[in-house]
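Open the model in a viewer and keep the selection panel at hand.

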Amino acid sequence: MHYVTVEGLTKSFGINPLFNNISFHINEGDKIALVARNGVGKSTLLRILSGQETADEGTVWINKDVTVALFEQDPKFDENKTILDNIFHTENPVLKVIREYEAAVEADDGHAISDALSTMDELDAWTFEAKVKEILTKLNIHNLQQPVNNLSGGQRKRVALAQTLIDIGFEHQHTLLIMDEPTNHLDVEMVEWLEHYLNGEHVTLLMVTHDRYFLDAVCDEIWEMDRSEIHSYKGDYANYLEKKTARIESELSTIDKAKNTYRKELEWMRKQPKARTTKSKSRQDNFYEVEVIAKKKIEDAQLQLNVKMSRLGGKIAEFKKVNKAYGDKTIMRGFDYTFSKGERIGVIGKNGVGKSTFLNILQGIEKPDSGKINIGETVIFGNFSQQGLEFKDDMRIIEYVKTFAESFPLAKGGSISASQFLELFLFPGDKQYTYLSSLSGGEKKRLQLLVILFRNPNFLILDEPTNDLDLPTLGVLENFLVDFQGCLLIVSHDRYFMDRLVDHLFVFEGDGEIRDFPGNYTLYREWIKTNEKKANKWDALTDKKNKGETTEAVAGMEQNKPLVAAAATTLKKANFKEKREFEMLEKEIAELEAEKQQVEQNLSNPEAPFEQLNLLSKRIGEIDNALAQKEMRWLELSELM
């Protein structure tokens, strides 16, 4: 089914064109990621498609059977109403009764719950109620009677996301879901859940995102807005980069050929008009076509982070028995750690466990309840925070930068003016006189990064740095941070960004517990899954024990449990042979369990001859013995993995 056709779309703000004469189509089932530099109008295009803005020129056709749902970066609510009323804002009978049911449960009103249950049964609303419950739980949305005007920015985003997902999940069979940076302000577990949710829903999707793992998991096509054109690439982000490079090389080759032809044809065109009259009209027309190609420019300007880092001494930062709590909520309990030169640490944990508080305590912005924090004399913090820039609305970019300095030192020596430094951050001369209030979210982030790096920090603290940055800028920032010789402390839900940059993690597990995990985020998730698998295996053995099954594995479970626990604290790791054995054991155990089930079914056949039953009984005993041995070996090896 054809959903959307856009032809010749043009939009400008003042004299600055965002995009010009772009055309495209969207069909049912498409899952498209839209990428481009900040400031070229991605968000504006999404609002035009949803009907919230109008284009200067061009047409937008949307199938009459298609409903467009827009999830924005800056969601709009009825500020005087509660979370519940904003999420369930339609008067559809099913949504209305679910709203009444959720309100009754939260108020613990037995009479209202009973009435709602009766209506839920009548409307067969339980299937959708389960989906609503999943959305609210996974996005950590509670206290539904709270007014939305009391919510933080991150909470507002999650409520808006819940509202959008609930709307598309119920009301419309044919929906175009448009999402503008949906992963901002979500923790990693929420992002992973959203991946699975969108993949499980039959939805047509157009999305702007900087999260490359999320993009690869959800979308199968990438559109790039570039020089008033939209280029389409099937496949993942890596394929997009490869094909884009090939496209640019091809375009440059075409331009070079056109320039050579243009020089020859220009000489002919400059001859006296009389000499040209005998020439063909088609050659003259061809000249103007070649001229357009020859004068075409491939602008692929890259952010340049050529900044100096202050010298970092041997002493960095040291935490000694640091404690911090807010009322009954413990953030840090007896935390000890000594930072080393060049450390690259990721900070992860659910929203609200104290990650930002930890960063503030390190910088001296907040005080601990007890304990000591010693910071080296040479340490200069650079804090790329979520709060962003603080400025006056009537201030221009160049004026703002000059409040810090007129010139900036460079890594290789020398210095440049404030205006030249702005150009390195992709703010050309005419752009530098733009008011700060008119910048896009990504442009403000880029300017914030400039201000931070101006101080030549040697300890960078990046709190959700990827929010609002475009993918090209993110790539340059990552390359800069890879070569950065100082310390890095990164809080981010962007798994790709974390995997590339950090060596180990501080995992905020709640109740003041902070785990120091040796590895990046992907390794941590694999470790979590392995532990869950071990726990499930122990549960299975415990279940066998409780049922009275007396295999060797069950009999030895309790006496071996202390040994297994002790093994987990050692530094020994499995070698290749042991890893291979572990993988084979999982396969062999599964095969034995499947065979045992089949043998038991055959034994229950009353028509089977005695000789066959005798053989099957012996085989059951052999399988039990083999399972016992393999399960014990699996438990031993699992602690080494």
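The model is predicted, so local features are given only at pLDDT of at least 70 and side-chain atom pairs only at pLDDT 80 or more, while totals for chains, interfaces and linings use all residues. Residues are numbered from 1 along each chain as its sequence is written, and side-chain values use heavy atoms, with hydrogens and water left out.

Helices (H or I, at least four residues) and strands (E, at least two) are DSSP runs, numbered from the N terminus.

Stay in β9 and pick H231, which lies in this strand. Is H231 buried or exposed? H231 is buried, at a relative accessible area of 11%; buried means under 20%, exposed over 50% and partly exposed in between, with a 1.4 Å probe and protein chains only. Leaving aside residues up to four places away in sequence, H231 touches I222, W223, E224, D226, R247 and E251. Contact means heavy atoms within 4.5 Å.

Now show the sheet. Six strands form an open, mixed sheet in the order β5-β6-β7-β3-β8-β9; two strands pair if DSSP finds at least two bridges between them. β5 (67–71) and β9 (229–234) are the edge strands, each pairing on one side only. On average, neighbouring strands are turned by 20° against each other, direction ignored.

Axes are lines fitted to C-alpha atoms, for helices over the stretch in contact, and angles run from 0 to 180 degrees between N-to-C directions.

Next, select helix α5 (residues 126–138) and helix α7 (residues 188–200), whose axes come within 10 Å and cross at roughly 155°. The two helices are therefore roughly antiparallel, the term for angles over 145 degrees. On the α5 side, K131, E134, I135 and K138 meet M190, W193 and Y197 of α7.

Finally, show everything. The chain has 22 helices and 20 strands, and 47% of its 641 residues are buried.

Key:
Parallel < 35°, antiparallel > 145°, perpendicular 65-115°, else oblique.
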